[in-house]
Amino acid sequence: MTSTAGPLVGRTVTVKVPATTANLGPGFDTLGLALSVYDELEVTASAEPGARVRVEGVGAGEVPTDESNLVVRSIAHAFASVGHELPGLDLVARNAIPHGRGMGSSGAAIVSGIMAAKGLLEGVVEFDSQQLLALATELEGHPDNVAPALFGGLTIAWMTPQGPRHKKLIVHRGVSPLVAVPNETTMSTALARSLQPVSVPHEDAIFNVSRSALLIAALIQSPELLLEATEDKLHQSYRASAMPETDALIRMLRAEGLAAVVSGAGPSILVLGSDPAQRLLATDLIEKNATTTWDCLVLAVDFRGATVVSHPIEAVA
């Protein structure tokens with residue numbers, strides 16, 4: 001283990017990471033989209049061992065504020081991967097991404113930590129995009145959320161024997177996302193995955209292959225195809241019993257011609273409008289038909305992905 005902890009003391013980095021929505025209907029564990037809701041993080045390397053975390057916004061008073069915090073564990077994972085000793089850490093997390101709602105909060109926390117490590121070790125070790133994706137995927141377990149969080153835009157992610165890979169695509173400017181977030185309901189990704197069958201019918205697999213291919217075309221070239229392109233037979237129906245209101249609202253929205261799907265593992269709903277007016281229609285329909293309270297977030301696609309800024313040690317007062 002190389003000791004760089006001492007020279008890093010006093011270095012501060014700021015990180016900004018977007019929310020994400022994965023699957024997008026048929027693209028299970030493969031497609032992800034970065035959205036314009038952000039967690040922000042400030043990390044300072046300290047001479048005092050251990051980690052001290054202050055959380056503002058979402059998760060305040062709920063998430064751990066010591067070394068067990070997911071952001072801290074992600075920083076430690078990145079440092080260990082390159083054989084460098086972890087300094088003490090003082091963190092301030094300003095969170096806006098809802099937790100347990102299918103908007104990539106755990107992926108964002110992991111990416112925040114990986115990017116913070118990249119910034120703290122700037123000039124000592126350089127992480128390329130492939131390393132960042134590999135580290136984040138090791139912690140998250142699959143790359144569909146961490147890829148768009150890291151790189152922005154629409155990402156296709158896949159696994160190889162050499163590790164995860166991704167391709168970033170630019171979304172058509174007509175695509176207009178809305179995420180409806182329930183106030184009272186959360187969903188564990190582990191629970192959602194446990195509802196999946198071990199195998200699916202051959203015709204369902206073929207159905208999703210066709211819709212996934214069509215969805216790429218719809219998102220980057222032909223938004224008018226989004227309703228058909230977001231049809232799915234691999235995962236949403238199996239999870240419906242665990243989030244009945246989500247399922248009912250999606251069925252209602254789709255019957256009205258809106259491309260509505262489960263956002264990630266749920267229970268939030270992603271509506272991919274083919275023009276901005278569809279978001280207003282979706283908001284109105286949800287408000288009129290929901291039996292509980294939902295927040296409708298009118299969002300943009302984030303094209304930049306995660307960013308980190310390192311502040312020179314001598315500039316820290």
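## Helices α10 and α11

Helices α10 and α11 sit oblique to each other, because their angle is neither under 35 degrees (roughly parallel), nor over 145 (roughly antiparallel), nor 65 to 115 (roughly perpendicular). This is a predicted model, where local features need pLDDT of at least 70 and side-chain atom pairs count only at pLDDT 80 or more, while totals for chains, interfaces and linings use all residues. Residues are numbered from 1 along each chain as its sequence is written, and side-chain values use heavy atoms, leaving out hydrogens and water.

The angle between α10 (residues 244-255) and α11 (residues 277-289) is about 135 degrees, and their axes are 11 Å apart. Leu249, Met252 and Leu253 of α10 meet Ala282, Leu285, Ile286 and Asn289 of α11, with contact meaning heavy atoms within 4.5 Å. Six of these residues are nonpolar, one is polar and none is charged.

## Helices α3 and α4

Now for another pair: α3 and α4 (residues 129-140) pack at about 140 degrees, with axes 10 Å apart. That makes α3 oblique to α4. Their contact residues split into eight nonpolar, two polar and two charged.

## The cores

Which residues have the most contacts inside the largest nonpolar core? They are Val43, Ile75, Leu91 and Val111, in a core of 67 residues. Such a core joins buried Ala, Val, Leu, Ile, Met, Phe, Trp, Tyr and Cys residues through side-chain atoms within 4.5 Å; buried means under 20% relative accessible area with a 1.4 Å probe, protein chains only. Helix α3 (residues 105-120) gives the largest share, nine residues.

Apart from this core lies another, of 17 residues, including Leu249, Leu253, Val262 and Ala282.

Methods
Buried < 20%, exposed > 50% of the residue type's maximum accessible area, 1.4 Å probe, protein only. Helix = DSSP H or I, 4+ residues; strand = E, 2+ residues; numbered from the N terminus. Axes fitted to C-alpha atoms, helices over the stretch in contact; angles between N-to-C directions. Nonpolar A, V, L, I, M, F, W, Y, C, P; charged D, E, K, R; others polar.
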